[in-house]
Amino acid sequence: MQTAHFSALEAKHAVLDRKIAAESQRPLPDTAALAVLKKQKLRLKEEMTTQ
């Protein structure tokens, strides 16, 4: 059973996924911004797996 907290984490994970994809598609992606987004996404994924 999913909790509201887990659902919120999934939603944030999906938003980060879209931001990463959008940044990657730019002609000159900001590698620093991508690194930050990917780290945030990884932290969320880790928190989701410990739930």
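This is a predicted model: local features need pLDDT of at least 70, side-chain atom pairs count only at pLDDT 80 or more; totals for chains, interfaces and linings use all residues.
Let me begin at the start of helix H2, where a side-chain oxygen of Asp 30 comes to within 3.1 Å of the backbone nitrogen of Ala 32.

Glu 23 belongs to helix H1. Is Glu 23 buried or exposed? With a relative accessible area of 12%, Glu 23 is buried, because the cut-off for that class is under 20%. Apart from neighbours within four places in sequence, Glu 23 is in contact with Leu 28, Pro 29, Asp 30 and Leu 34. Leu 34, for its part, touches Ile 20, Glu 23, Ser 24 and Pro 29, again not counting residues up to four places away in sequence.

Let me now step back to the chain. It contains 2 helices and 0 strands. Its radius of gyration is 12 Å, well over the 10 Å that the globule rule gives for 51 residues, so the chain is more spread out than a compact globule. The C-alpha trace spans about 40 × 15 × 10 Å along its principal axes. Of the 51 residues, 20% count as buried.

H1 has 22 residues, and from its first C-alpha to its last it reaches 32 Å, close to the 32 Å expected at 1.5 Å a residue. Which residues of H1 are buried? They are Phe 6, Leu 9, His 13, Leu 16, Ile 20 and Glu 23. These residues cover an arc of only 105 degrees around the axis, which puts them on the same side of H1. That buried side packs against H2. The face turned away from it carries the exposed residues Ala 4, Arg 18 and Gln 25.

The C-alpha atoms of Ala 4 and Ala 22 are 27 Å apart, with a separation of 18 residues along the chain.

Next is H2, covering residues 31-49. H2 has 19 residues and reaches 27 Å from first C-alpha to last, close to the 27 Å expected at 1.5 Å a residue. In H2 the buried residues are Leu 34, Leu 37, Leu 44 and Met 48. Seen down the axis of H2, these residues fall within an arc of 90 degrees, so they line one face of the helix. What covers them includes H1. On the other side of H2, the residues Thr 31, Lys 39, Arg 43 and Thr 49 are exposed.

How many residues make up the largest nonpolar core? There are 8 in all: Phe 6, Leu 9, Leu 16, Ile 20, Leu 34, Leu 37, Leu 44 and Met 48. Two elements, H1 and H2, each give two or more residues to this core. As general background, nonpolar side chains in soluble globular proteins tend to be buried together.

Leaving aside neighbours within four places in sequence, His 5 is in contact with Glu 47 and Gln 51. How far apart are the C-alpha atoms of His 5 and Gln 51? They are separated by 9.3 Å, although the two residues are 46 residues apart along the chain.

To close, I return to the pairing of the helices: the buried residues of H1 pack against H2, and H1 is part of what covers the buried residues of H2. Thank you for your attention.

Notes:
Residues are numbered from 1 along each chain as its sequence is written. Side-chain values use heavy atoms; hydrogens and water are left out. A nonpolar core is a set of buried Ala, Val, Leu, Ile, Met, Phe, Trp, Tyr and Cys residues joined through side-chain atoms within 4.5 Å. Buried means under 20% relative accessible area, exposed over 50%, partly exposed in between (1.4 Å probe, protein chains only). Helices (H or I, at least four residues) and strands (E, at least two) are DSSP runs, numbered from the N terminus. Contact means heavy atoms within 4.5 Å. The expected span of a helix is 1.5 Å times one less than its number of residues. The arc is that of the directions from the helix axis to the C-beta atoms. A polar contact is a pair of N or O atoms within 3.5 Å; within protein, one must be able to donate a hydrogen and the other to accept it, and residues adjacent in sequence count only if both atoms are side-chain atoms. The radius of gyration is taken over C-alpha atoms; the globule rule is 2.2 Å times the number of residues to the power 0.38.
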